[in-house]
Amino acid sequence: MLNKFIDQIRLPFRKEKELYLSIYHIIGILPHNLEYYKTALLHKSVARRNEKGRPINNERLEFLGDAILDAIVGDIVFQHFSGKREGFLTNTRSKIVQRDTLNRLAKDMGITRLILSNGRSASHNSYLGGNAFEALVGALYLDHGYNACKKFMQKQILGELINIDKVAYKEVNFKSKLLEWTQKHKVEIEFKPLNFGKDSDGNPTFSFQVILENIACGEGKGYSKKESQQEAAKETMQRIRKDAKFADKIFAAKKLRLQKEAEEKAKMETKNTTDEDLENNVILVEIEQNTTE
């Protein structure tokens with residue numbers, strides 16, 4: 001209580017009053033150390049370094065915020081849906097902390113406009129806002145602790161911006177989302193069947209794996225082909241969104257495939273041209289022979 005009173009007294013004298021107030025309106029609590037939040041809003045594309053030459057950006061805070069979010073949302077979901085099974089709780093938490101949801105929250109709350117990045121990264125990185133949201137949670141945790149983060153999620157997010165019951169019972173079609181992603185980026189996809197069997201009670205089970213550009217991705221198991229493919233697609237989407245190196249590997253494979261296709265096409269065009277020239281030469285020879293006769 002005393003710290004809050006001191007922060008209010010200091011407010012008119014702060015050099016970065018506008019940013020301070022913006023952060024306050026977002027998290028609902030007066031920041032103690034503004035540097036945490038400034039770092040949370042600093043994308044790596046800006047390429048800043050500290051006095052020791054180490055890069056300064058929001059990636060470490062993003063890592064911390066991701067872990068804190070999982071714990072807090074898991075806690076809230078567990079308390080809210082008493083009696084629900086583990087699978088339901090896990091899916092509900094995943095829907096709340098998924099990148100699309102965090103991107104939307106970042107935009108609606110005004111976080112996206114505060115991110116400091118170069119223009120190219122802002123236009124090409126569709127996860128910029130969601131990453132900054134996680135980093136901001138990490139900053140809040142360092143500045144005010146776990147309880148402040150939980151209050152932020154309960155009051156600012158689940159109390160105003162997200163209907164937890166509506167989200168929990170909304171079916172997310174991960175296969176459709178993955179197909180949209182592959183179409184957008186022109187990536188080849190295959191749902192490869194791995195195993196069809198039965199569980200201990202004799203119920204049929206299905207296993208599928210997503211293959212992107214001949215790269216093995218997520219696997220899924222379920223009691224129907226649809227369920228197993230959904231699980232495989234979900235795991236694949238999560239890997240793409242959270243592991244930049246994995247996504248780069250897919251795009252590198254795509255680039256190699258396109259190069260090979262271009263080479264094959266060039267060979268075929270050369271062969272067709274050669275065949276056509278040979279055919280024309282044969283016709284000319286026949287014409288000359290007929291003329292001579």
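1. In this note, buried means under 20% relative accessible area, exposed means over 50%, and partly exposed covers what lies in between, with a 1.4 Å probe and protein chains only. By that scale D75 is partly exposed, because its relative accessible area is 23%. The areas come from the Shrake-Rupley method with a 1.4 Å probe, and for residues only the protein chains shown count as cover.

2. The model is a predicted one, in which local features need pLDDT of at least 70 and side-chain atom pairs count only at pLDDT 80 or more, whereas totals for chains, interfaces and linings use all residues. Residues are numbered from 1 along each chain as its sequence is written, and side-chain values use heavy atoms, with hydrogens and water left out.

3. On salt bridges, the criterion is a side-chain nitrogen of Lys or Arg within 4 Å of a carboxyl oxygen of Asp or Glu, and by this rule the count comes to eleven. D75 takes part in one of them, with K150 as its partner and 3.0 Å between the closest N and O atoms. This pair links distant parts of the chain, K150 being in helix α9 and D75 in helix α4, 75 residues apart. Helices here are DSSP runs (H or I, at least four residues), as are strands (E, at least two), and both are numbered from the N terminus.

4. A salt bridge also joins D66 to K242, where the closest N and O atoms are 3.1 Å apart. The link is again between distant parts of the chain, from D66 in helix α4 to K242 in helix α12, 176 residues apart. D66 counts as partly exposed because its relative accessibility is 21%, while K242, with a relative accessible area of 53%, is exposed.

5. E188 and R257 form a further salt bridge, the closest N and O atoms being 3.6 Å apart. Here E188 lies in the loop between α11 and β3 (189-198) and R257 in helix α13 (residues 244-292), so that distant parts of the chain, 69 residues apart, are linked. R257 counts as buried because its relative accessibility is 17%, whereas E188, at 41%, counts as partly exposed. Salt bridges that share partners join E188, E213, R257 and E261 into one network.

6. Which residues gather in a patch of negative charge on the surface? They are E219, E227, E231 and E235, where a patch is made of residues with over 30% relative accessible area and no salt bridge, like charges being joined within 9 Å and nonpolar side chains (Val, Leu, Ile, Met, Phe, Trp, Tyr) within 5 Å. Asp and Glu count as negative and Lys and Arg as positive, with His and the chain ends not counted; the place of a charge is taken as NZ of Lys, CZ of Arg, CG of Asp or CD of Glu. Helix α12 (residues 225-242) gives the most to the negative patch, with three residues.

7. E219 itself lies in strand β5 (residues 215-222), and it counts as partly exposed because its relative accessibility is 46%.

8. The structure holds seven aromatic pairs, a pair being rings of Phe, Tyr and Trp (its six-membered ring) whose centres lie within 6.5 Å, with planes under 30 degrees apart counted as stacked, over 60 as edge-to-face and the rest as tilted. One of them is the edge-to-face pair of F81 and Y169, at 6.3 Å centre to centre and 80° between the planes. It links distant parts of the chain, F81 in the loop between α4 (59-80) and α5 (86-97) and Y169 in the loop between α10 (164-168) and α11 (174-185), 88 residues apart. F81 counts as buried because its relative accessibility is 6%, whereas Y169, with a relative accessible area of 53%, is exposed.

9. F133 and F152 form a tilted aromatic pair, 6.0 Å centre to centre and with 35° between the planes. F133 lies in helix α8 (residues 128-144) and F152 in helix α9 (residues 146-157), so the pair ties together parts that are 19 residues apart in sequence. Both F133 and F152 are buried.

10. On backbone geometry, phi is positive in K186, near 55°, and in N214, near 65°, neither residue being glycine. K186 is placed in the loop between α11 and β3, and N214 in the loop between β4 (204-212) and β5. K186 is exposed, with a relative accessible area of 62%, and N214 counts as exposed at 76% relative accessibility.
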